[in-house]
Amino acid sequence: MSLLSVDEALAQLLADARTVPDIEEIPTLEATNRVLAVAQRSAMDVPPMDNSAMDGYAVRIADGKKLKITQKIMAGAVGQPLAPGTAARIFTGAPIPHGADAVVMQEHTSIEGDFVVLKSSPRKGEWIRWVGSDIKKGGEILPAGKRLLPQDTGLAASVGIKTLPVFRKVRLGLFFTGDELVMPGEPLAPGRIYNSNRFTLRGLAEVFGCETRDYGIVPDSLEATRDVLRRAAAECDVVVTSGGVSVGDADYVKPAVEAEGRLLMWRIAMKPGRPLAFGSIKNSFFIGLPGNPVSSFVTFLIFVRPFLLKTQGMNDVAPKYIAARADFDWLEPDSRREFLRVKWNASGGLDLYPTQDSAVLTSTAWADGLVDNPAKQAIRKGDSVRFLPYSELYW
Ligand code: AMP
Ligand code: MG
């Protein structure tokens, strides 16, 4: 078993990841949170015509400051060309009449009978939104490989795009090894524990937009593990498991993957979460996480997350770090890179969960994210640390 750094393991994982081959054309209205497969261009100028940015009067500056009001142009209407010496009453979004070169906001005018009097001298183009000033016809509005946010689908719709090509959702298979596992609702016999990883990993699969197939609890036996592995690999793009990747007597994941496909067993220089298995079975990839609940959560975020995002077709899979102030001391750092559970405090710094023991799942629920601390690096109160907030990691 080789000892690997987090970055080496990640580079190997990502080198193998390949984007799902299928593209679906779906309604733009349903495309939020999907990953765009083909860059989108606008087939029109936005705005599509010169229009008013204000309620006021469209004028020709050269005609002076007292102008006869001869027409009224509402949004959605089209006015007449501006005759010499006249102004058009105009409303926000309404097309600028031919001949006008400025809009004077109504607050800067007064009315005398049929005439408008301008109280200020308009600048050329004032309060006019020019055709194509936001988006030029033919210009790219959304790149391929972008996860579509609500504002992206709105942008697509603003240029009339009714459907969007997106990658089909990654099919993610999950199963959980361990004879000790029972589900909440079942009696907890002596020696048993609840299968909390099922909830954490299912939830993460949902966060990352996967189509999840959950094969449930698999007993510690080679035959059972091989059997479910074969089924999951046939049905999924990626299979993720928890437990059974140490080198204990009851750890059958390793021999099962080796019997069905290819396997790399890694000991990773990180805390929590040392063992990680990576392999492939026919056309499907396999990532085996440690059973320890904190370890499986952290290794999912650090390794499975970018692997899934790349498989899903995203270009940008590296997590975004925030430089933040540690309001704690961490004076006995590990010889491995550590992911510490921390939480924002009221003064904008980070507090540390009092125990960083990897068996304490409470720490992950209490925290707002992880401090990524290099090996052997002590942290002193006031130091700047690399913070990975959950809000950045959740996509
Ligand atoms: P393993 O990696 O199978 O050796 O498991 C390591 C530790 O994690 C053991 O204490 C297991 O009981 C625990 N564990 C394994 N799977 C789960 C699970 N699905 N939910 C909660 N704890 C688990
Ligand atoms: Mg086990």
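Predicted model: local features only at pLDDT ≥ 70, side-chain atom pairs only at ≥ 80, totals over all residues.
Residues are numbered from 1 along each chain as its sequence is written, chains are lettered from A and ligands numbered from 1 in the order in which they are written, and side-chain values use heavy atoms, with hydrogens and water left out.

**Around asparagine 197**

- Asparagine 197 belongs to helix α3 (residues 196-207); helices (H or I, at least four residues) and strands (E, at least two) are DSSP runs, numbered from the N terminus.
- A polar atom of the asparagine 197 side chain lies 2.7 Å from the backbone oxygen of glycine 291.
- Leaving out residues up to four places away in sequence, asparagine 197 touches Phe176, Arg202, Ser242, Pro290, Gly291, Pro293 and Ser296, where contact means heavy atoms within 4.5 Å.

**Nonpolar cores**

- The largest nonpolar core has 51 residues, and Ile287 and Phe303 touch the most other members; such a core is a set of buried Ala, Val, Leu, Ile, Met, Phe, Trp, Tyr and Cys residues joined through side-chain atoms within 4.5 Å.
- Helix α6 (residues 293-311) gives this core its largest share, eleven residues.
- A second, separate core holds 18 residues, including Leu229, Cys236, Leu263 and Phe286.
- Phenylalanine 303 touches Val6, Ala9, Leu10, Leu13, Ile268, Met270 and Leu276, again not counting residues up to four places away in sequence.

**Rings and charges**

- The whole structure has ten aromatic pairs; rings of Phe, Tyr and Trp (its six-membered ring) pair if their centres lie within 6.5 Å, and planes under 30 degrees apart count as stacked, over 60 as edge-to-face and the rest as tilted.
- Phenylalanine 278 and phenylalanine 285 are stacked, because their ring centres are 6.0 Å apart and their planes are at 10 degrees.
- Phenylalanine 278 also pairs with phenylalanine 307, with centres 5.8 Å apart and planes at 75 degrees, so that pair is edge-to-face.
- Because phenylalanine 278 is in strand β21 (residues 275-281) and phenylalanine 307 in helix α6, the pair ties together parts that are 29 residues apart in sequence.
- Phenylalanine 278 is buried at a relative accessible area of 3%, and phenylalanine 307 is buried at 0%.
- Phe208, Phe297, Phe300, Tyr390 and Tyr394 are linked into a cluster by ring pairs.
- Lysine 343 puts its charged end over the ring of tryptophan 366, 5.6 Å from the centre, and arginine 386 lies over the face of tyrosine 321, 3.7 Å from the ring centre; a charge sits over a ring if NZ of Lys or CZ of Arg is within 6 Å of the ring centre and within 35 degrees of the ring normal.

**Strand pairing**

- Strand β2 (residues 23-27) and β13 run antiparallel and are joined by five bridges; two strands pair if DSSP finds at least two bridges between them.
- In that pairing, glutamate 25 stands opposite proline 165 in β13.
- Four of the five residues in β13 (residues 163-167) are buried.
- Strand β10 (residues 115-118) is joined to β6 (residues 66-73) by three antiparallel bridges, and it pairs with β9 (residues 109-112) over four, also antiparallel.
- Phenylalanine 115 in β10 stands opposite lysine 68 and opposite glutamate 112.
- β9 and β10 make a hairpin with two residues between them, and glycine 113 in the turn has a positive phi of about 60 degrees.

- Most residues other than glycine have a negative phi, and most peptide bonds are trans.
- The bond joining valine 46 and proline 47 is cis, with omega about -10 degrees, and proline 47 lies in the loop between β3 (40-41) and β4 (51-52).
- Lysine 271 to proline 272 is a cis peptide bond too, with omega near 0 degrees.
- Tryptophan 127 has a positive phi of about 60 degrees although it is not a glycine, and this residue is partly exposed at 34%.
- Lysine 282 has a positive phi near 50 degrees; it is exposed, with a relative accessible area of 74%.

Conventions
Buried < 20%, exposed > 50% of the residue type's maximum accessible area, 1.4 Å probe, protein only. Polar contact = N/O pair within 3.5 Å; in protein donor to acceptor, adjacent residues only side chain to side chain.
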